[in-house]
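Reader: I'd like to go through this one slowly. Could you tell me what the words mean as we go?

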Amino acid sequence: MNSLPFAYLIPIFLIALYLILKKKKVAIEPLTDVDKKILDDYVGYYHNLDSTDKLRFEQKVASFFSTVKIEPVGLEMTTLDELLIASSAVIPIFGFDDWQYKNLTSVLLYPDTFNKDFQFEEGGERNIMGMVGTGYMNGQMILSRSALRHGFSKSAGKENTAIHEFVHLLDKSDGATDGVPENLIAHEYTLPWIKMMHEEMEKIEDNKSDINPYAITNQAEFFAVVSEYFFEKPELLKDKHPELYFQLSRIFAQQPAG
Ligand SMILES: [Zn+2]
């Protein structure tokens, strides 16, 4: 037996073994004290949690970092940016024990708004603040950093672009982005939910609602827009739209208004 080819195989085998083990064992790095301070200063939702839930939130953020790649495009990304993206992912799923965004591999962070050809420097109609990819962009999300940061600022009101996009992903997890997250809503509540969406859309059309008119685009946008409202101004939503608040708290398994 000629031992030379066999000797060549050993390093190849070891490299293959290393790659397999590396892929299997996803190391979850815990957040640092600096990370926690940033969350506390910039993410109101986290700030309002008790210490037990803060710990749970931190673990979910760390787990998000271990499964989804965040890639800066044309900018230098900061820890704040990464933590805001992860927080936007965690907030809508905080009521669920174990949710993984199976339909997401990476988030691309652009400096500012972009157009439908994903151009952010030139080209027309650069007014998109965030999007969930379809077709060849499946598994990718694009966010504008200015929209991301604005969503967590005091002046954001009922709006938060990044939460909006992650809600689209939740909606999409059953195969259809249609405003009906079938994985999260019991079958018997589906029809009442659709009816409620359309009643509220009519009120928006008649100028009798304080919900962002972008919600009348379609059911998917309605669901994403009212979810932003639900997480950003829960008390106000509960006060002005108690039924909507009730339905959303059932879907997200959360009571952000306390
Ligand atoms: Zn949308």
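Author: Here is a short chat about the sheet, a helix and the domains. This is a predicted model, where local features need pLDDT of at least 70, side-chain atom pairs count only at pLDDT 80 or more, and totals for chains, interfaces and linings use all residues. Residues are numbered from 1 along each chain as its sequence is written.

Reader: What makes up the secondary structure of the protein chain?

Author: Eleven helices and four strands. These are DSSP runs numbered from the N terminus: helices are H or I with at least four residues, strands are E with at least two.

Reader: How do you know that E2 and E4 pair?

Author: Two strands pair if DSSP finds at least two bridges between them. Strand E2 (residues 106-110) and strand E4 (residues 140-144) are joined by five bridges, so they meet that definition. They run parallel, and leucine 109 has leucine 143 in E4 as its bridge partner.

Reader: And what joins E1 to E2?

Author: Four bridges, again with the strands running parallel. Glutamate 71 stands opposite leucine 108 in E2. From E1 the chain crosses through helix H5 (residues 79-93) to E2.

Reader: What is the order of the strands in the open sheet?

Author: E1-E2-E4-E3, with mixed pairing.

Reader: Why do E1 and E3 stand at the edges?

Author: Strand E1 (69-72) and strand E3 (130-132) each have a single partner strand, so one side of each has no neighbour in the sheet.

Reader: How does helix H7 run relative to E3?

Author: Helix H7 (residues 161-172) lies across E3 and E4, at about 10° to E3. Angles run from 0 to 180 degrees between N-to-C directions, with axes fitted to C-alpha atoms, for helices over the stretch in contact. Contact means C-beta atoms, placed from the backbone, within 7 Å.

Reader: Where do the domains lie in the protein chain?

Author: Domain 1 is 26-157 and domain 2 is 174-258, with bounds from an automatic or database domain assignment. Their C-alpha centres lie 22 Å apart. Eight residues of domain 1 are in contact with seven of domain 2.

Definitions and conventions
Contact = placed C-beta atoms within 7 Å. Right-handed = clockwise from strand over helix to strand, strands pointing away.
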